[in-house]
Amino acid sequence: MTNDKNRVIIFDTTLRDGEQSPGCSMTLNEKLRVAEALEHLGVDVIEAGFAIASNGDFDAISQISQLLKNTSVCSLSRASFKDIDRAAEALKKAVRPRIHTFISTSPLHMEHKLQMTPEEVIGRIHDSVSYARNLCDDVEWSCEDGTRTEEDFLYRSIEVAIKAGATTINVPDTVGYTTPDEYEIMMRKIIENVPNSDKAIFSTHCHNDLGLAVANSIAAVQGGARQVECTINGIGERAGNAALEEIIMAFRTRQDALPYHTNIVTENITKTSRLVSSVTGLEVQHNKAIVGANAFAHESGIHQDGMLKNAETYEIMTPESVGLKKSELVMGKHSGRHAFKEKLKDLGYDLGDNEFMSAFTRFKDLADVKKTLYDDDIIAIVDEDRRDNEHMKLESWSFICDSWQPSSATFGLLVDGENLTVSSKGNGPVDASFKALRTLTDGEPHLELYQVHAVTRGTDAQAEVTVRLEENGKTVNGHGAHVDTLVASAKAYVNALNKLKVKRAKTAPEALTL
Ligand SMILES: CC(=O)SCCNC(=O)CCNC(=O)[C@H](O)C(C)(C)COP(=O)(O)OP(=O)(O)OC[C@H]1O[C@@H](n2cnc3c(N)ncnc32)[C@H](O)[C@@H]1OP(=O)(O)O
Ligand SMILES: CC(C)C(=O)C(=O)O
């Protein structure tokens with residue numbers, strides 16, 4: 001496929017091994033969409049399924065074969081003529097078909113699973129590979145459980161497969177057992193010791209049972225493998241396969257240490273990852289490298305400050321390089337002033353020093369009690385802060401709401417610099433609150449509207465309350481926001497009273513006082 005000695009072929013098995021993740025079955029249409037996305041991503045080979053497994057798999061392979069114009073399409077098959085026939089049939093329309101046939105070579109698998117002698121397995125390798133090669137020029141052979149296979153038998157099996165016509169030899173770490181050093185040495189020794197090894201491309205296929213799939217795949221490439229089998233988001237049987245995006249970005253980011261290259265258009269990684277996640281229903285863990293929601297998100301103040309000064313302080317690759325628009329500075333309890341100021345700027349606020357410090361203090365207090373702070377939370381904080389610079393300000397509160405006594409509300413307020421306490425009973429704590437607060441005015445405000453909505457998501461979301469008061473034909477809307485709906489309600493009522501005072505003063509300055 002290439003003469004360049006450091007070019008690595010990317011063999012994507014999201015649609016075959018990836019689909020073997022429990023609960024990850026994809027419909028025909030979904031498979032077609034993923035296959036198209038993989039072609040745009042630039043993978044070299046797509047393992048589209050296991051033709052004999054089901055009619056659905058057969059149809060998916062056939063239709064993907066017709067759909068794709070550049071990428072090799074591959075079907076898996078056991079070391080059996082009927083499997084290989086079915087694979088060849090499904091691949092009939094592919095521009096570049098590949099048959100991938102496999103059989104186990106480890107003592108454990110041969111004895112207990114296949115119940116075959118090593119000699120029978122050798123015979124089967126020869127027969128299956130040569131049969132496949134008669135039907136297709138591009139034949140891959142895998143020694144399942146290769147990393148737990150005895151060295152001499154492994155070499156002998158591979159030699160037979162190459163002689164029978166295999167063009168790619170895949171040495172899978174089927175159960176995620178190997179370690180990077182071990183696998184690198186194994187790959188190097190296979191290439192050195194197996195006769196005619198230069199006639200085939202060697203391949204890695206790693207599972208993640210010990211969390212080593214990506215490290216092992218890269219080690220195998222360092223040992224001489226030039227094909228990597230992997231999946232989007234690392235999905236696959238049990239703990240999954242090596243994640244394509246991690247291997248590719250390791251190559252791209254560490255060219256100094258890993259001077260390998262592929263055809264992958266890294267800018268298409270994020271959208272492909274999201275597509276696979278949405279069709280399989282398997283959410284990507286937030287802290288997953290490259291494609292996790294937090295991979296380019298920074299919450300702590302010191303990091304955010306560094307990012308604002310120079311993104312390279314905390315990012316070894318750019319978000320654009322994987323197809324994201326930009327990094328995210330997540331506002332939370334660990335954020336500092338620099339990031340908060342930047343966020344306010346983004347939201348269109350330009351606060352003076354005092355107003356900024358007051359908003360920052362409120363933001364930190366809110367972040368202590370609320371897990372996620374959204375933009376709307378911050379807008380609510382600033383607006384709330386502005387409301388608090390008013391004639392009457394709510395300072396403290398207490399509500400009683402139980403089944404043994406009437407509800408009541410008590411508030412401490414600062415009214416033009418003077419501390420006041422008001423209290424009332426009512427039909428529920430909101431009614432009690434409004435009755436208590438109404439005692440602060442000589443007027444007769446009439447409640448026209450009381451509306452609550454959550455500023456953001458979750459049970460710890462801030463409530464934003466609107467209170468509309470009408471008096472002598474004058475109407476005002478008061479707003480209040482707080483994680484506690486009762487406090488937000490009281491704040492909204494006080495805000496409305498403050499506005500009413502301003503309105504009264506405008507029309508009849510002397511007529512009414514609060
Ligand atoms: C490491 C891997 O990921 S390998 C791929 C795993 N993927 C899958 O298995 C998904 C698709 N599989 C299937 O749909 C089914 O297992 C089928 C259609 C392949 C076979 O179904 P069944 O005929 O009902 O057999 P079943 O799955 O129960 O058992 C597997 C048989 O294949 C044999 N077998 C397993 N691997 C191979 C092989 N590489 N070559 C030849 N025979 C094999 C087993 O020994 C067993 O044979 P037995 O029936 O004589 O005991
Ligand atoms: C069929 C082979 C390549 C496989 O999936 C494995 O060994 O994990």
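## Domain layout

The C-alpha centres of domain 1 and domain 3 lie 66 Å apart in this structure, which is a predicted model. The protein chain is divided into domain 1, covering residues 9-280, domain 2, covering residues 297-385, and domain 3, covering residues 390-507.

The residues around ligand 2 are Asp17, Phe102, Ser142, Glu144, Asn170, Pro172, Thr174, His205 and His207. The elements that give two or more residues to this shell are the strands β5 (139-144) and β6 (168-173).

When the residues of the shell around ligand 2 are sorted by class, two are nonpolar, five are polar and two are charged.

## The contact of helices α7 and α8

Two packed helices are described by the angle between their axes and by the distance between those axes. For helix α7 (residues 180-193) and helix α8 (residues 213-222), the axes come within 7 Å and cross at roughly 30 degrees, and the crossing in which α7 passes α8 is right-handed.

On the α7 side, the residues in this contact are Pro180, Asp181, Tyr183, Glu184 and Met187, and they meet Ala215, Asn216, Ala219, Ala220 and Gln222 in α8. Taken by class, the contact of α7 with α8 has six nonpolar, two polar and two charged residues.

## The sheet β11-β12-β13

An open sheet of three strands runs in the order β11-β12-β13, and its pairing is antiparallel. The strands β11 (392-400) and β13 (418-426) stand at the edges with a single partner strand each, so one side of each is left without a neighbour in the sheet. From one strand to the next, the twist of this sheet averages 20 degrees.

Strand β12, made of residues 407-415, pairs with β13 in the antiparallel sense over nine bridges. Within the sheet, Leu413 stands opposite Leu420 in β13.

## The sheet β14-β15-β16

Another open sheet of three strands has the order β14-β15-β16, again with antiparallel pairing. Its edge strands are β14 (446-454) and β16 (474-482), each of which pairs on one side only, and the twist from one strand to the next averages 15 degrees.

Strand β15, made of residues 463-471, and β16 are paired in the antiparallel sense over nine bridges. Here Glu470 stands opposite Thr475 in β16.

Notes
Residues are numbered from 1 along each chain as its sequence is written. Chains are lettered from A and ligands numbered from 1 in the order in which they are written. This is a predicted model: local features need pLDDT of at least 70, side-chain atom pairs count only at pLDDT 80 or more; totals for chains, interfaces and linings use all residues. Domain bounds come from an automatic or database domain assignment. A residue is near a molecule or strand if its C-beta atom, placed from the backbone, lies within 6 Å of it. Helices (H or I, at least four residues) and strands (E, at least two) are DSSP runs, numbered from the N terminus. Ala, Val, Leu, Ile, Met, Phe, Trp, Tyr, Cys and Pro count as nonpolar, Asp, Glu, Lys and Arg as charged, and the others, Gly among them, as polar. Two strands pair if DSSP finds at least two bridges between them. Axes are lines fitted to C-alpha atoms, for helices over the stretch in contact, and angles run from 0 to 180 degrees between N-to-C directions. A crossing is left-handed if the near helix is turned anticlockwise from the far one by less than a right angle, and right-handed if clockwise. Two residues are in contact if their C-beta atoms, placed from the backbone, lie within 7 Å.
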